[in-house]
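User: I would like to learn how to read a chain like this one, feature by feature. Could you take me through it, giving the general idea before the particular case?

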Amino acid sequence: QLQLVESGGGLVQPGGSLRLSCAASGGTLNNYVMGWFRQAPGKEREGVACITDSGSSTKYVDSVKGRFTISRDNAKSTVYLQMNSLKPEDTAVYSCAVYRPPSIFRNVCTLGGGLYDSWGQGTQVSVSS
C-alpha cells in the first residue's frame, strides 16, 4: 500500500499562492488516480481536485476552478496542487489520496472520497490577513 506525505502548507495572505506536494512511497503512482481533499473545522471533507493516472483528465470543485491546478509527475511519484488567488474560505487541512480504478474507468476521476483507499496525514493551509 502506498504511503503518502503532504507538504507545502502554511499561512498566506488573501490573494497569495501556495503549492502543495504529495509524495508517495512504497510503490509507484502508475495506474493510480490522485485526489486532493480538504476539511475545514466544523465542516465535512470536500474533494478539491483529482487527476487520472496519465494526467489526461482532471476535475475540480466549482469553488476552486480557475484558481487551483492539479498536476502529477509519475517519475517522481509526486502530485501537486498549485493554489492561486487564495481566499480565507480556502483555509483547511489539505490531504492527498489515491485509488486504483478498473481499466475501463482509467480516463475519469472522482471527487467523492469513497473510492480512495490510501490517505496522507494532511497539511494545514491558512489564509488570513
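**Reading the fold, the sheets and the charges**

Analyst: Let us begin with burial: of the 129 residues of the protein chain, 45% count as buried. Please keep in mind that this is a predicted model.

User: What are the radius of gyration of the protein chain and the value for a compact globule with 129 residues?

Analyst: The protein chain has a radius of gyration of 14 Å, and since a compact globule with 129 residues would have one near 14 Å, the two agree. Along its principal axes, the C-alpha trace spans about 45 × 25 × 25 Å. As for how the sequence folds back on itself, among contacts between residues at least 6 apart in sequence, 62% join residues at least 24 apart.

User: How many helices and strands does the secondary structure of the protein chain come to?

Analyst: The chain has zero helices and eleven strands, and the elements, read from the N terminus on, therefore follow the order β-β-β-β-β-β-β-β-β-β-β.

User: How should I read the pairing of strands, and which order do the strands of the open sheet have?

Analyst: In general, the strands of a sheet pair through backbone hydrogen bonds, either parallel or antiparallel. Here, an open sheet of four strands has the order S1-S3-S8-S7, and its pairing is antiparallel. Strand S1 (3–7) and S7 stand at the edges with a single partner strand each, so one side of each is left without a neighbour in the sheet. From one strand to the next, the twist averages 15°. Within this sheet, S1 is joined to strand S3 (residues 18–25) by five bridges, the two running antiparallel, and Gln3 has Ser25 as its bridge partner in S3.

User: In which sense do strand S2 (residues 10–12) and S11 pair?

Analyst: Strand S2 and S11 pair in the parallel sense, over three bridges, and Gly10 has Val125 as its bridge partner in S11. S11 is also joined to S9 by three bridges, but here the strands run antiparallel, with Val93 standing opposite Gln124 in S11. Strand S11 (residues 123–127) has a covered face, made up of Thr123, Val125 and Val127, and an uncovered one, with Gln124 and Ser126.

User: Which residues of the largest nonpolar core touch the most other members?

Analyst: That core has 38 residues, of which Trp36, Val48, Phe68, Ile70, Leu81, Met83 and Tyr94 touch the most other members. The elements that give two or more residues to this core are S3, S4, S5, S7, S8, S9 and S11, and the largest share, six residues, comes from S9.

User: Now for the charged groups: how many salt bridges does the count come to?

Analyst: Side chains of opposite charge can pair when their charged atoms come close. The count here comes to five salt bridges, and a network of them links Arg38, Glu46, Arg67 and Asp90. Arg38 meets Glu46 in a salt bridge with an N to O distance of 2.8 Å, and Arg38 also meets Asp90, at 2.9 Å from N to O. This second pair links distant parts of the chain, with Asp90 in the loop between strand S8 (78–83) and strand S9 (92–99) and Arg38 in strand S4 (residues 33–39), 52 residues apart. Asp90 forms a salt bridge with Arg67 as well, the closest N and O atoms being 2.7 Å apart. Here too the pair links distant parts of the chain, as Arg67 is in the loop between strand S6 (58–60) and strand S7 (68–73), 23 residues from Asp90.

User: Lastly, where does Thr52 lie, and which residues does Thr52 touch?

Analyst: Thr52 lies in the loop between strand S5 (46–51) and S6, and at 0% relative accessibility Thr52 counts as buried. Not counting residues up to four places away in sequence, Thr52 touches Tyr32, Val33, Ser57, Arg72, Arg106, Asn107, Val108 and Cys109.

Key:
Residues are numbered from 1 along each chain as its sequence is written. This is a predicted model: local features need pLDDT of at least 70, side-chain atom pairs count only at pLDDT 80 or more; totals for chains, interfaces and linings use all residues. Side-chain values use heavy atoms; hydrogens and water are left out. A salt bridge is a side-chain nitrogen of Lys or Arg within 4 Å of a carboxyl oxygen of Asp or Glu. Buried means under 20% relative accessible area, exposed over 50%, partly exposed in between (1.4 Å probe, protein chains only). Contact means heavy atoms within 4.5 Å. Two strands pair if DSSP finds at least two bridges between them. Axes are lines fitted to C-alpha atoms, for helices over the stretch in contact, and angles run from 0 to 180 degrees between N-to-C directions. A nonpolar core is a set of buried Ala, Val, Leu, Ile, Met, Phe, Trp, Tyr and Cys residues joined through side-chain atoms within 4.5 Å. The radius of gyration is taken over C-alpha atoms; the globule rule is 2.2 Å times the number of residues to the power 0.38.
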